[in-house]
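Hi,

Here is the structure I promised to pass on. Have a look at it first, then read my notes below.

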Amino acid sequence: MDMPSVIIGLALLAFWLYCLFDVITRPEQDVRRLPKILWVIIVVLLAALGGLLWLLLGRPRVGDTVPGVGGLYGGPPSTMPPPAPRAEAPRGPDDDPEFLRHLERRLRDED
């Protein structure tokens, strides 16, 4: 076995793993043409050809609109309500005026 065939084999393995990982982690609503499980089967069974088919036919393209989903692929803005405002971050006890008043009262009562 010579070095170029090893490099080509490793490149094909890396391409196949990338495509398989991409299909598995892609949300179901982003997958085009076939159900996600069929894309997984195609990529697993057909290796490099399946990966190429996934990239050309199954993977969403930038600019594709996905109904009801906004964001990266250019869909309309989501109809979900905006996220609730975050609660105030916890403060240290020395930043809390109520805690400091309570501490002063305790110290006075102990004297």
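**What I found**

Arg-32 is buried, with a relative accessible area of 13% (buried means under 20% relative accessible area, with a 1.4 Å probe and protein chains only). Arg-32 sits in the loop between H1 and H2; helices here are DSSP runs of H or I with at least four residues, numbered from the N terminus. The side chain of Arg-32 reaches the backbone oxygen of Leu-56 at 3.1 Å, and a polar atom of that side chain lies 3.4 Å from the backbone oxygen of Leu-57.

Before going on: this is a predicted model, where local features need pLDDT of at least 70, side-chain atom pairs count only at pLDDT 80 or more, and totals for chains, interfaces and linings use all residues. Residues are numbered from 1 along each chain as its sequence is written, and side-chain values use heavy atoms, leaving out hydrogens and water.

Now for H2. It covers residues 36–58, yet the C-alpha atoms at its ends are only 9 Å apart, while a straight helix would reach 33 Å at 1.5 Å a residue. H2 bends by about 145° at Ala-47 (the angle between axes fitted to the seven residues ending there and the seven starting there). Its buried residues, including Trp-39 and Trp-54, pack against helix H1 (3–25).

Leaving aside neighbours within four places in sequence, Cys-19 is in contact with Val-43, Gly-51, Trp-54 and Leu-55 (contact means heavy atoms within 4.5 Å).

Cheers

Terms used
Helix = DSSP H or I, 4+ residues; strand = E, 2+ residues; numbered from the N terminus. Expected span 1.5 Å × (residues − 1). Buried < 20%, exposed > 50% of the residue type's maximum accessible area, 1.4 Å probe, protein only. Polar contact = N/O pair within 3.5 Å; in protein donor to acceptor, adjacent residues only side chain to side chain.
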